[in-house]
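Let's walk through this one together, question by question. Here is what we'll be looking at.

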Amino acid sequence: MSRTRSRTPALDKACVDAVELARAAAEEIARPGEVGDHLGHQSEGDRVVTHYFACLDRAYRGWRWAVTVARASRARHVTVSETVLLPGAGALMPPAWVPWSERLRPGDLGVGDLLPTSADDDRLVPGFTETDDDTDHQMFFEYGLGRARVLSALGRDQAVRRWHSGESGPHSPLAHAAPAQCSTCGFYWPLAGALRIGFGVCANEYAPDDGRVVAADHGCGAHSEAAVVPPAVEQPPPILDDLGYDLMEADEEAADLAGSVEEDVSEPFGHS
C-alpha cells in the first residue's frame with residue numbers, strides 16, 4: 001500500500017512581488033489608514049499567493065487583511081482574485097451563534113408571541129400512542145379523537161423536577177417557615193392522574209401561590225389549619241390620684257433639717 005504524497009505548490013515570483021498591488025486592493029475596500037504593515041505571504045496553489053496586511057481598525061484588533069493575487073499560465077500580469085478581512089491568532093471573535101429555541105428562557109414569552117414546538121420534541125408524543133390509564137381518562141373529556149400530541153414520560157419527569165426544585169417546592173424559604181405542608185391544607189387541590197400524589201393547585205386567594213401548581217410538601221403561612229394568633233391586648237394607662245395625699249412619717253434627719261430651715265426663716269431681716 002503506497003502513501004499519497006501531497007505536493008507543495010511552488011511560490012510564483014511575480015505573485016510574491018505583487019505586494020503593492022495587494023495593498024492597493026486592500027486600501028480600496030478599507031477606510032483610510034486601516035491597512036498596516038505587510039505581514040507575509042502564503043502560497044495557495046500554482047501561481048496563487050495570499051498577502052497579509054495588519055488591520056489598524058480599533059474595532060478589529062488581531063484581524064488582518066488577506067489579499068489573494070493570481071497569474072494566469074504564460075501571462076505576465078498579476079491580478080487580484082479576492083480581498084477579505086480574516087481573524088488572526090489573538091482576534092476578538094463574536095460568540096458562537098445559538099438558535100433562538102436554545103436562547104429562550106422561562107418568562108420570555110409575551111402577549112401575542114408564538115412559540116411553536118418542533119415535530120420531534122421529546123416532551124410530546126402522538127396522542128394515539130399513549131394508552132396508559134392516565135391518558136385514557138383524560139381523553140374521555142375531549143371531543144373527537146382528542147389532542148394530536150400529549151405529554152410524554154420524559155416531559156412529565158422534567159416538569160416534576162422543575163416544579164419540585166422551584167419556588168413552589170419544599171426547599172424554598174417560604175416552605176421552611178410554613179407551619180405545615182400543603183398536603184394537609186384545605187385549600188390544596190390535588191392534580192389528577194400520576195401527579196396527584198406529589199402536586200396540586202393552591203386555591204387560597206390570600207396565599208402567594210394562589211392558582212399555581214405547588215408540591216405536596218410545600219407550605220406557606222396561609223395554611224388552613226394554622227394556629228390563630230391572639231390579638232395583642234392594649235394595656236390601659238395607669239390611674240394617678242392627684243387630689244388626695246397620704247401622711248408619711250419622716251425620719252430624724254429630715255425633721256432636723258426642716259427645723260433649721262424654719263429658724264432661719266423666722267429671724268428678722270437685717271439682723272447681724
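**Reading the model**

A: The protein chain has a mean pLDDT of 80, and 77% of its residues reach 70 or more; pLDDT is the predictor's confidence in each residue, from 0 to 100. This is a predicted model, where local features need pLDDT of at least 70, side-chain atom pairs count only at pLDDT 80 or more, and totals for chains, interfaces and linings use all residues. Residues are numbered from 1 along each chain as its sequence is written, and side-chain values use heavy atoms, leaving out hydrogens and water.

Q: Which residues touch the most other members of the largest nonpolar core?

A: In soluble globular proteins, nonpolar side chains tend to be buried together. A nonpolar core is a set of buried Ala, Val, Leu, Ile, Met, Phe, Trp, Tyr and Cys residues joined through side-chain atoms within 4.5 Å, with buried meaning under 20% relative accessible area (1.4 Å probe, protein chains only). In this 18-residue core, they are Val-35, Phe-53, Trp-65, Val-67 and Val-69. A separate second core has 8 residues, including Cys-185 and Val-214.

Q: What is the strand order in the open sheet of 3 strands?

A: Two strands pair if DSSP finds at least two bridges between them. The order is β7-β8-β9, paired antiparallel. β7 (188-190) and β9 (213-215) are at the edges with a single partner strand each, so one side of each lacks a neighbour in the sheet. Between β8 (residues 199-202) and β9 there are 3 bridges, and Gly-200 has Val-214 as its bridge partner in β9.

Note on methods. Buried < 20%, exposed > 50% of the residue type's maximum accessible area, 1.4 Å probe, protein only. Helix = DSSP H or I, 4+ residues; strand = E, 2+ residues; numbered from the N terminus.
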